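Here are some notes to read alongside the model. Have a look at the fold on your own before going through them.

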Amino acid sequence: MGHARDIEDLIDLMARLPGLGPRSARRAVLMLLKKRGPLMAPLAQAMAHVALTAKDCTRCGNIGTTDICPICADDRRATGEICVVEDVADLWAMERTGAFKGRYHVLGGTLSALDSVGPEDLRIPRLVARVAEEGLREVILALNLTVDGQTTAHYIADVLEGSGAQVTSLAQGVPVGGELDYLDDGTIGAALRARKRF
């Protein structure tokens, strides 16, 4: 194509990012090249800096720049509740809502027999230890409604039985603004089973 090899390498690397295919990556790289001074150079510096400083929180598994993330370090969030999520993206999604004021625990994936992922490959043993160490009253399972997500949720509920912490899960059903005609059968069924007094 006449492009320099290093530009092609950059396009190939960008194409590996979620949501970007080869064409989108090419457009993104072209835009970065056009704005080298105001955008590309600061982006490269920020990426290099984060690559050196980013680390997992030793308590919950969130990503930050310190050993203990700001959420875990905030004493106001020691509410006795912990929200268990599959990965950091889920934690960030929960935080965007501003609805949860407790702390989190990132598992780092879900149990999967097909992928040979067992409890020891996730942060489940650390979760069990935290429940005891922190005297938690409630463990909220905010896991995806996939087979692996629900298998993981049931496993955690079994492991925590008798721990003194109540194990709950997020409600399932009709989303805010949702129209029944556009929902799948599983969502409608879950909403019907989870109905509450009006």
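The points below go from the overall chain to the sheet and then to a pair of helices.

1. A word on the source: this is a predicted model, where local features need pLDDT of at least 70, side-chain atom pairs count only at pLDDT 80 or more, and totals for chains, interfaces and linings use all residues. Residues are numbered from 1 along each chain as its sequence is written, and side-chain values use heavy atoms, with hydrogens and water left out.

2. The chain has eight helices and six strands; these are DSSP runs numbered from the N terminus, with helices (H or I) of at least four residues and strands (E) of at least two. Starting at the N terminus, the order is α-α-α-β-β-α-β-α-β-α-β-α-β-α. The radius of gyration is 21 Å, well over the 16 Å from the globule rule for 198 residues, so the chain is more spread out than a compact globule. That radius is taken over C-alpha atoms, and the rule is 2.2 Å times the number of residues to the power 0.38.

3. Along its principal axes, the C-alpha trace spans about 65 × 45 × 35 Å. Buried residues (under 20% relative accessible area, 1.4 Å probe, protein chains only) make up 30% of the 198.

4. Now the sheet: four strands form an open sheet in the order S4-S3-S5-S6, with parallel pairing. Two strands pair if DSSP finds at least two bridges between them. At the edges sit S4 (103-106) and S6 (166-169), each pairing on one side only. From one strand to the next the twist averages 25°.

5. Look at S3 (residues 81-85) and S5 (residues 138-141): they run parallel and are joined by four bridges. Isoleucine 82 stands opposite valine 139 in S5.

6. Which strands does helix H6 touch? H6 (residues 124-134) packs on the sheet against S3, S4 and S5, and its direction makes about 155° with that of S4. Helix H5 (residues 88-97) lies across S3 and S4, at about 160° to S4. Angles run from 0 to 180 degrees between N-to-C directions, and axes are lines fitted to C-alpha atoms, for helices over the stretch in contact.

7. Finally, the axes of H2 (residues 22-34) and H3 (residues 36-53) come within 6 Å and cross at roughly 115°. That makes H2 roughly perpendicular to H3, a label for angles of 65 to 115 degrees. In contact (heavy atoms within 4.5 Å), Met31, Leu32, Leu33 and Lys34 of H2 meet Arg36, Leu39, Met40 and Leu43 of H3.

How values were computed. Parallel < 35°, antiparallel > 145°, perpendicular 65-115°, else oblique. Buried < 20%, exposed > 50% of the residue type's maximum accessible area, 1.4 Å probe, protein only.
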